[in-house]
Number of protein chains: 2
Amino acid sequence: MGGTSVKAALVGRDLAPVATLREPTRRVAGAVDIDHIASMITRLADGAAVAGVGVAVPGVVDDTTGHVVTAVNLGWHNLPLQTALSSLTGMPLKVRHDVRTGGLAEFTVGAAAGVANAVFLPIGTGIAAAFQVDGRPLVAGGYAGEIGHLVVDPGGAPCNCGALGCLETLAAAPAVSRRYAERTGRTATAAEVAARLEEGDADAAAVWADAVAALGAALAAAVAMVGPEVIVLGGGLAEAGDALVGPVRDDLHARLTFQRKPAVVRAALGQDAGRAGAALLGWEAADGA
Amino acid sequence: MGGTSVKAALVGRDLAPVATLREPTRRVAGAVDIDHIASMITRLADGAAVAGVGVAVPGVVDDTTGHVVTAVNLGWHNLPLQTALSSLTGMPLKVRHDVRTGGLAEFTVGAAAGVANAVFLPIGTGIAAAFQVDGRPLVAGGYAGEIGHLVVDPGGAPCNCGALGCLETLAAAPAVSRRYAERTGRTATAAEVAARLEEGDADAAAVWADAVAALGAALAAAVAMVGPEVIVLGGGLAEAGDALVGPVRDDLHARLTFQRKPAVVRAALGQDAGRAGAALLGWEAADGA
C-alpha cells in the first residue's frame, strides 16, 4: 500500500505470484479509500480459494491488533484497518507494518531465514528497521524499529521529523541525492551517485562515505541494544551494487568491541520482500496464528 | 552474585526475605567456585520446602539456557551454570543476567508492573539495560541491552570496553566521580557530586549535566529502537535523589519528535530489585515456565 499506487498479488504456498493487480491509490477527503482496497482484494481473489490475506502498510502500525496508529502518506489516523478489511472482504486477514512485512519474508525465507536475532534494514526514501529478537518480531505498539530517526549527527541537517541529524538526513536515498547536489550543483539520484563511485568521482565518494559512516554508527547502536547475528540491508541503496554492504560491514565491525559482530548481507528477496511477507502473513491469518 | 561477595535470600511467595546469607566470593584458579555457590543455596534452604531457585549473574548471560557466555568479574567463560547448579543442588533452578533479573522485578511488581514495553536502566559502576518489548524480555543470546556501550561522545574518553565515548564514560558512577576530580582536583563519589548540586557547586553541575545529556541521548536511541512506554531508572545514581530522574526525563522528551514520550520514573524496589527478581525467577523455575 502506497501513497500513489496499491499493489496486490494472488500467490501460492510457494509464494510465487499467480496474478497481480496494481491500481492508483484512491482517496476520500484525503484519506485512502478502504472500500477500494477491499475491492482490489475481492476482485483479485475472484474464483480462487483464498486461504488468507496479508496487508502491508507504511506508518506507525500496531501489528498485534492490525491497528494503524498513523500513516501520514495515506491520511490515516487511529484506524482499525484489520477489523475493517476483514469485515469488508469476509476473509481471514492481517495488517502489518510494511518494513516488518518485508522483514517477515527475509527472516523466514530470505537472507536471515531461521536466524533468531536479526535486523532487516531497507534503505529507500526513508529508513526503518524490522527487528527480530529471540525469534520474535518487535512491535511495541508500532513504535519499534524507527532507526531512521536515530540522531547520528547532532546539530546536523533538519529531518522531516523535526529533529536534526537523524540517520535519514545522511543515508536515505533523497539525502544522498541532495547532499551530492549541494556539493556539486549537479542533480543525481542516489543510484547515480553510487554509479559515479566507480568513475572516481570524489564528491560521490565523500557523500557515500558519510552515508556509510552514519549507517555504521546507527547499526552499532542497534547491535548494542538488540544483539543481532545477521543484518540484512535492502531497498534501493542496497540494490545499487556492492558499494554499500561491504563498506557498512567494515565500518560497523570497526566500531564494535566486546559485542558479537553480526554478518551484514544484502537482502535476498529485493523488491519482492513486501509481496512475499504479505503472503506469509496471509498464511498466518489463515492458520489463525 | 558479585566479584567480592555473594548474597542469597530465602523468600516467601510475597517476596519478603525469611532468611539471608552473605559470604565472600570464593575462587578456584581465578574462577568463582560453583561448589560454594551450590553450598550456599543448600545451606540456606536447609529445612525449608524450597520450590525453586533464581540466580542472578553479571556479564553476558543467555537467560534462555542459563549459560554464562562470559562474566569477566567472576572469571567464567562458556559455563553452563544453570545445568551445573541444578545438578549440584537438585532443585528447580534458573540463571539469568543480573540486570534482567532486576528488570523482571520492576516489570512484574515494581515501577513498570504490567507495562508491555519498558526499559529498566540501573546506573552504577556500569550501565546496562533490561528491555521488555511486547510483554517479553529481550535476551538475544545474552547480548541485548548493552546500552552502556552506546557511543554518545564520538572521540571521547576511553571506555573499559576499548571504544571511545561510550555512555559509561560520562554517566556511570565512577565516570561522574572521575570527571569531577579532573575538573576540581578534589575526590568525591558520584553521590557526593549529586549532593553538591544543591550547594550550587558549578563543577558538580557541569559534570551532572553531561551525565544527564548522555543518558538522554542514549535513551532517545532506545526509544527509537524499542519504543518503551515507561523507563525505570535505578542503581546508585538514581537513588542519589531527585537530581537525576526529572532532568533525564526533560532531556529525553526534548529530543523526541513523532515518537511517543515514555514516562521516566525511579525504580520502586531500589536495592531489593535483584533479590525480588531472583525470587520471581525461582517461582518460574518451580512452575517449569
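This briefing goes through selected features of the structure above, topic by topic. The model is predicted.

- S6(A) and strand S7 (residues 67-71) of chain A run antiparallel and are joined by 3 bridges.
- Within this pair, A:Val60 has A:Thr70 of S7(A) opposite it.
- S7(A) and S8(A) are also paired in the antiparallel sense, over 3 bridges.
- Here A:Ala71 has A:Trp76 in S8(A) as its bridge partner.
- As a general point, side chains in a regular strand alternate between the two faces of the sheet.

**The two hairpins in chain A**

- S6(A) and S7(A) form a hairpin, and 4 residues lie between the two strands.
- In the turn of that hairpin, A:Gly66 has a positive phi of about 75°.
- S7(A) and S8(A) form a hairpin as well, with 4 residues between the strands.
- In this hairpin A:Gly75 has a positive phi near 75°.

**The sheet in chain B**

- S6(B) is joined by 3 bridges to strand S7 (residues 67-71) of chain B, and the two run antiparallel.
- Opposite B:Val60 stands B:Thr70 in S7(B).

**Helix H3 in the two chains**

- The buried residues of H3(B) include B:Val99, B:Leu104, B:Ala105 and B:Phe107.
- B:Arg100 and B:Glu106 are also among the buried residues of H3(B).
- A:Arg100 has a relative accessible area of 4%, so it counts as buried.
- The side chains of A:Arg100 and A:Asp63 are joined by a polar contact of 2.5 Å.

**The cavity**

- The largest cavity holds about 50 Å³ of space.
- Its lining includes A:Val133, A:Asp134 and A:Arg136 from chain A, and B:Val133, B:Asp134 and B:Arg136 from chain B.
- A:Pro137, A:Leu138, B:Pro137 and B:Leu138 are also in the lining of the largest cavity.
- Strand S12 (136-137) of chain A and strand S12 (136-137) of chain B each supply at least two of the lining residues.
- By class, the lining of the largest cavity has 6 nonpolar residues, 4 charged residues and no polar ones.

**Residues with a positive phi in chain B**

- Most residues other than glycine have a negative phi.
- B:Leu15, which is not glycine, has a positive phi near 70°.
- B:Leu15 sits in the loop between strand S1 (5-11) and strand S2 (17-24) of chain B.
- The relative accessible area of B:Leu15 is 15%, under the 20% limit, so B:Leu15 is buried.
- B:Ala140, also a residue other than glycine, has a positive phi near 55°.
- B:Ala140 is in the loop between S12 and helix H4 (168-171) of chain B.
- B:Ala140 has 0% relative accessibility and therefore counts as buried.

**A loop residue in chain A**

- A:Asp272 is in the loop between strand S14 (263-266) and helix H10 (273-287) of chain A.
- With a relative accessible area of 37%, A:Asp272 is partly exposed, because this value lies between the 20% and 50% limits.
- A:Asp272 and A:Thr89 are 183 residues apart in sequence, and their C-alpha atoms are 24 Å apart in space.

How values were computed
Residues numbered from 1 in each chain as written. Chains lettered and ligands numbered in written order. Predicted model: local features only at pLDDT ≥ 70, side-chain atom pairs only at ≥ 80, totals over all residues. Heavy atoms only, no water. Pairing = 2+ DSSP bridges. Buried < 20%, exposed > 50% of the residue type's maximum accessible area, 1.4 Å probe, protein only. 1 Å grid on protein atoms, 1.4 Å probe; cavity = no way out; pocket = protein on both sides within 12 Å on 5 of 7 lines; lining within 4 Å. Points joined across faces, edges and corners; volume = space filled by probe spheres on them. Nonpolar A, V, L, I, M, F, W, Y, C, P; charged D, E, K, R; others polar. Polar contact = N/O pair within 3.5 Å; in protein donor to acceptor, adjacent residues only side chain to side chain.
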